[in-house]
Every structure is written in C-alpha cells, then in structure tokens.
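Hi everyone, thanks for making time this morning. I have one structure to show you, so please have a look at the screen while I talk.

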Amino acid sequence: MIEIESSLNGYETTLYKLETALKPIGFSVGGGWEYDHGYFDYRLAKEGCYYYVRLPFKATTGLLDRPGVEVKIGVPFLLGHQYEDGIDKDGEIGNISAAFNQFQSPKDADSDIPEEYQEQGINIIRKAETAVQVN
C-alpha cells in the first residue's frame with residue numbers, strides 16, 4: 001500500500017456529490033463498504049495482480065444507505081493484490097457459503113506496485129481532485 005498526498009484528504013461533501021464527480025472518470029464504489037465507511041476504487045491493471053487507486057470515505061452524518069449522507073474523504077492510496085492461479089487449495093467451503101464467498105484469498109494481499117502504476121495512480125488522484133473541485 002502506498003499513500004498518495006492529496007487535497008482530497010479531509011474534504012467533506014455529500015456521498016451523492018462525490019459519486020457524481022468520481023464515477024464519470026472511472027471510479028466505482030468498492031465492494032468492501034459498510035454503513036459507516038467505504039471506498040471508491042479505480043482499477044489500474046489486471047496482470048496477474050490487480051492494482052487499484054483507493055479513495056476511502058466515512059460517514060460524518062447519517063449512514064451510507066440513506067439519502068443526503070455526508071462523508072469525509074481519507075488519505076488516498078494505491079493497493080496491489082496478487083491472486084492465486086488455479087484452484088484454492090485451502091478452500092474448505094460448503095455450498096451455502098460458496099454462494100456468498102466466491103473469490104480466492106490473495107496470494108499477496110499487499111504486493112509491490114510498479115513505478116508506472118504509482119505514476120498513473122497519482123495522475124488519477126489529480127483528476128479526482130479536479131472532478132471534485134478540491135484545491
């Protein structure tokens with residue numbers, strides 16, 4: 001994980017405005033959200049390893065599933081996940097659990113991030129700053 005210095009850190013707005021600004025430039029709400037916090041993700045590459053720009057946010061008033069919820073953005077960061085190829089040998093899972101847990105554990109949950117993706121990630125955050133109009 002590599003943190004990216006940004007004027008987005010600490011910025012407060014509504015979740016609706018944040019989504020409206022970030023989705024057109026390629027961000028999506030990541031699957032790891034809860035009712036009080038979540039992430040906007042921008043996938044950089046998938047070459048045996050998934051590289052993401054991740055923009056964390058947390059609710060400051062209300063819950064994320066409610067209209068008008070206000071959020072505060074945290075420190076953006078780059079993240080790499082290298083996944084196992086083939087069958088998950090440690091996968092001891094039943095049919096019911098398999099319906100909900102369909103993905104393998106990462107081979108390396110915090111893999112090294114090549115410099116080219118670091119530069120791309122910084123550029124994506126600069127675009128996000130412009131889109132959100134933070135400066």
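First, some housekeeping. This is a predicted model, in which local features need pLDDT of at least 70 and side-chain atom pairs count only at pLDDT 80 or more, while totals for chains, interfaces and linings use all residues. Residues are numbered from 1 along each chain as its sequence is written, and side-chain values use heavy atoms, with hydrogens and water left out.

So, the layout. The protein has three helices and eight strands; helices here are DSSP runs of H or I with at least four residues, strands are runs of E with at least two, and both are numbered from the N terminus. Along the sequence the order is β-β-α-β-β-β-β-β-α-β-α. Of the 135 residues, 35% are buried, where buried means under 20% relative accessible area, exposed means over 50%, and partly exposed is in between, using a 1.4 Å probe and protein chains only. Now take the contacts between residues at least 6 apart in sequence: 61% of them join residues at least 24 apart. By contact I mean heavy atoms within 4.5 Å.

Let's turn to the helix pair. In general, two packed helices are described by the angle between their axes and the distance between the axes. Here, helix 1 (residues 15-22) and helix 3 (residues 115-132) have axes that come within 9 Å and cross at roughly 125°. The axes are lines fitted to C-alpha atoms, for helices over the stretch in contact, and the angles run from 0 to 180 degrees between N-to-C directions. Helix 1 and helix 3 are therefore oblique to each other. On that scale, under 35 degrees is roughly parallel, over 145 roughly antiparallel, 65 to 115 roughly perpendicular, and the rest oblique.

Which residues make the contact? On helix 1 they are L18, A21 and L22, and on helix 3 they are A128, A131 and V132. That gives six nonpolar residues, no polar and no charged. For that count, Ala, Val, Leu, Ile, Met, Phe, Trp, Tyr, Cys and Pro are nonpolar, Asp, Glu, Lys and Arg are charged, and the others, Gly among them, are polar.

While we're on helix 1, T20 is there too. T20 counts as partly exposed, at 46% relative accessibility. Its C-alpha sits 9.1 Å from that of A131, although T20 and A131 are 111 residues apart in sequence.

Next, charges. How many salt bridges does a search of the whole structure find? There are four, with a salt bridge being a side-chain nitrogen of Lys or Arg within 4 Å of a carboxyl oxygen of Asp or Glu.

One of them pairs D41 with R54, with the closest N and O atoms 2.7 Å apart. D41 lies in strand 4 (residues 37-46) and R54 in strand 5 (residues 49-61), so this pair ties together parts that are 13 residues apart in sequence. Both partners are buried: D41 has 8% relative accessibility, and R54 has 19%. Beyond its neighbours within four places in sequence, R54 is in contact with Y39, F40, D41, P76, F77 and L79.

Another salt bridge joins E129 and R126, at 3.1 Å between the closest N and O atoms. These two are three residues apart in helix 3, so about one helical turn separates them. E129 is buried at 7%, whereas R126 is partly exposed at 35%. There is also R66 with D65, where the closest N and O atoms are 4.0 Å apart.

Two more residues before I stop. Setting aside residues up to four places away in sequence, G121 touches I4, L44, V53 and L78.

Finally, A45 in strand 4 is buried at 9% relative accessibility. Apart from neighbours within four places in sequence, A45 is in contact with Y50, Y51 and Y117. A45 and Y117 are 72 residues apart along the chain, and their C-alpha atoms are separated by 8.2 Å.
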